[in-house]
Amino acid sequence: MFNELLKERLLDAHLEFFRKDKKKFLIHRILYAVVVTMLYAMVIMVIKMPIWLIGLPVAFFIGWKFAYLKLLSTKNNIDVKNSFLFPQFLQSFIALLPSSGNVYQTLKTTLNYTPDPLDKELIKLIQKIEKGNDRNAYLAFANYIGSSEAYMVMNMIYQFSEQGVEKESIQELERYIQNLQENKVDELIQHKMNASDKFGLFPILISLFLVIGFAGVVFMHSMMNVTDALNTMPK
């Protein structure tokens, strides 16, 4: 994420994903940059260390990047949610499919068991199918999920809609979904473990920052005393 935050190669793609206007996003970036710069300047004035005003460009840069950081973070959270919601969606779909034998009707019923944010994309898929059963509609849904497994599964579902539902095909899809679900459970466990490690790192960094800050204050105070003593010595 840090590399993308600096280079912003996916900016246009993310703005399109969230349907954000590029000019409005630019205005938000400028506002964030100005606010962070002003806050930084106010802190410098309060502590009466004008030498640190040389850091104003850095403060502006941080504020400028903050808007994109929020965008990246939101996109990442959606991707993580969808990666776990997609297997659940497939389980509901495969459980309901035999009762109707119709992909379109099954998708509409599955919508009742699909949570946010995946439900919004499923609604788009259903609306596209109503206009015409096009493979691209299924692939667009897979593209939203953003995994190779999604492309394969949605292509299979499209084949069901065109050629009909066969028992052997359903069983094959069921086995694949089961493996996908097991892999996602393992991934979820690993994700939570990594998150715990990251949260544990914050207290360490805060403690280190406080220790370094305290040492810096003590050093500066000592140097001021030494300077005062040198100034008061007879020449």
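# Group meeting: an all-numbers tour of one predicted model

Isoleucine 51 sits in the loop between α3 (22–47) and α4. Helices here are DSSP runs of H or I with at least four residues, strands are runs of E with at least two, and numbering goes from the N terminus. Is isoleucine 51 buried or exposed? Isoleucine 51 counts as exposed because its relative accessible area is 57%. The cut-offs: buried is under 20% relative accessible area, exposed is over 50%, and partly exposed is in between, with a 1.4 Å probe and protein chains only.

Ground rules next. This is a predicted model, where local features need pLDDT of at least 70, side-chain atom pairs count only at pLDDT 80 or more, and totals for chains, interfaces and linings use all residues. Residue numbers start from 1 along each chain as its sequence is written, and side-chain values use heavy atoms, with hydrogens and water left out.

The overall layout. The protein chain has nine helices and zero strands. From the N terminus on, the order reads α-α-α-α-α-α-α-α-α. Of the 235 residues in the protein chain, 27% are buried.

Back to isoleucine 51 and its neighbours. Val43, Val46, Ile47, Ile51, Trp52 and Ile54 make a nonpolar surface patch of about 650 Å². Patch members have over 30% relative accessible area and no salt bridge; nonpolar side chains (Val, Leu, Ile, Met, Phe, Trp, Tyr) are joined within 5 Å, like charges within 9 Å. Accessible areas come from Shrake-Rupley with a 1.4 Å probe, and for residues only the protein chains shown count as cover.

Now the largest pocket. How much space lies in it? About 670 Å³. Its lining has 28 residues, and Phe17, Lys75, Glu121, Asn143 and Tyr144 lie nearest the centre. Two or more lining residues come from each of α2 (11–18), α4 (56–100), α6 (118–131), α7 (135–145) and α9 (167–232). Helix α4 gives the most, with seven residues. By class, the lining holds twelve nonpolar, six polar and ten charged residues.

How is that defined? We use a 1 Å grid over the protein atoms alone: a cavity is a set of points where a 1.4 Å probe fits but cannot get out, a pocket is an open set with protein on both sides within 12 Å along at least five of seven lines, and lining residues have an atom within 4 Å of a point. Points are joined across faces, edges and corners, and a volume is the space filled by probe spheres set on them. For the classes, Ala, Val, Leu, Ile, Met, Phe, Trp, Tyr, Cys and Pro are nonpolar, Asp, Glu, Lys and Arg are charged, and the others, Gly among them, are polar.

On to charges. The structure holds seven salt bridges, each a side-chain nitrogen of Lys or Arg within 4 Å of a carboxyl oxygen of Asp or Glu.

Take arginine 29 and glutamate 8. Their closest N and O atoms are 2.6 Å apart. The pair links distant parts of the chain: arginine 29 is in helix α3, glutamate 8 is in the loop between α1 (2–7) and α2, and 21 residues separate them. Both are buried. Glu8, Arg29 and Lys65 are linked in a salt-bridge network.

Arginine 9 bridges to glutamate 4, with N and O 3.9 Å apart at the closest. Arginine 9 is exposed at 58%, while glutamate 4 is buried at 10%.

Then lysine 124 and glutamate 121, a salt bridge at 3.6 Å, N to O. Both lie in helix α6, three residues apart, about one turn of the helix. Why does glutamate 121 count as buried? Because its relative accessibility is 12%. Lysine 124, at 32%, is partly exposed. Recall that Glu121 is among the residues nearest the pocket centre.

Last, the backbone. Most residues other than glycine have a negative phi, and most peptide bonds are trans. Glutamate 8 has phi near 55°, a positive value in a non-glycine residue. Arginine 19 also has a positive phi near 55°. Arginine 19 is in the loop between α2 and α3, and is exposed at 67%. Glutamate 8 has 16% relative accessibility, so it counts as buried.

Which residues does a cis peptide bond join? Aspartate 116 and proline 117, with omega about 10°. Proline 117 lies in the loop between α5 (103–110) and α6. Leucine 118 is in helix α6, and is buried at 0%. The C-alpha atoms of leucine 118 and isoleucine 145 are 8.6 Å apart, across 27 residues of chain.
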